[in-house]
Amino acid sequence: MMGLTPYELRARNRLLLRRAVLARLGRERSECPEVELARVEAALRRMDEGRYGICERCFQAIGAQALLTEPSSALCPECAARLKRPS
Ligand SMILES: [Zn+2]
């Protein structure tokens, strides 16, 4: 837990809370809790490894606003948009 900024700690708390909620969700939900849970776990792992907030495709900072919107983001908004709609 060393070396996390206050902002990262806040994101981490949100991710831990979401993980706890997802762990209790059943399969009757329309979205798949396992997929979302895997995203949350991956974000927590990136945080432990000091890679949190860095885009996995272009290695630029994802940006505080995108991370506040979605703390489990692994891509910057540009790469996420590009993946959705390949040029
Ligand atoms: Zn990117």
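Is Phe59 buried or exposed? Phe59 is exposed, because 10 other C-beta atoms lie within 10 Å. The scale is simple: 20 or more other C-beta atoms within 10 Å of a residue's own make it buried, 12 or fewer make it exposed, and anything in between is partly exposed, with C-beta atoms placed from the backbone. Phe59 is found in the loop between H2 and helix H3 (64-69). Its phi is near 65°, a positive value in a residue other than glycine.

A word on the source. The model is predicted, so local features need pLDDT of at least 70 and side-chain atom pairs count only at pLDDT 80 or more, while totals for chains, interfaces and linings use all residues. Residue numbers start from 1 along each chain as its sequence is written.

Now the overall layout. The protein chain has 4 helices and 0 strands. Along the sequence the pattern reads α-α-α-α. Helices (H or I, at least four residues) and strands (E, at least two) are DSSP runs, numbered from the N terminus. Of the 87 residues of the protein chain, 16% count as buried. Take the contacts between residues at least 6 apart in sequence: 36% of them join residues at least 24 apart. Here a contact means two C-beta atoms, placed from the backbone, within 7 Å.

The largest nonpolar core has 10 residues: Ala11, Leu15, Val40, Ala43, Met47, Tyr52, Cys55, Ile62, Leu67 and Cys76. Helix H1 (6-24) and helix H2 (33-48) are the elements that give two or more residues to this core. H2 supplies the largest share, 3 residues. Such a core is a set of buried Ala, Val, Leu, Ile, Met, Phe, Trp, Tyr and Cys residues joined through C-beta atoms within 7 Å. In soluble globular proteins, nonpolar side chains tend to be buried together. Leu67 is one of the core residues. Setting aside neighbours within four places in sequence, Leu67 is in contact with Ala11, Gly53, Ile62 and Ser73.

How do H1 and H2 pack? Their angle is about 150°, and their axes are 10 Å apart. Axes are lines fitted to C-alpha atoms, for helices over the stretch in contact, and angles run from 0 to 180 degrees between N-to-C directions. H1 and H2 are therefore roughly antiparallel to each other, a label for angles over 145 degrees; under 35 counts as roughly parallel, 65 to 115 as roughly perpendicular and the rest as oblique.

The residues behind this packing can be listed. From H1 come Glu8, Arg12, Leu15, Arg18, Arg19, Leu22 and Ala23. They meet Pro33, Glu36, Leu37, Val40, Glu41, Ala43, Leu44 and Met47 in H2. By class, the contact has 9 nonpolar, no polar and 6 charged residues. Ala, Val, Leu, Ile, Met, Phe, Trp, Tyr, Cys and Pro count as nonpolar, Asp, Glu, Lys and Arg as charged, and the others, Gly among them, as polar.

Glu8 is partly exposed, with 17 other C-beta atoms within 10 Å. Beyond four places in sequence, Glu8 is in contact with Met47 and Tyr52. Glu8 and Met47 are 39 residues apart in sequence, yet 7.9 Å apart in space, C-alpha to C-alpha.

Finish at Cys79, in helix H4 (residues 77-84). Cys79 is partly exposed, because 18 other C-beta atoms lie within 10 Å. Leaving aside neighbours within four places in sequence, Cys79 is in contact with Cys55, Arg57 and Cys58. The C-alpha atoms of Cys79 and Cys58 are separated by 7.5 Å, across 21 residues along the chain.
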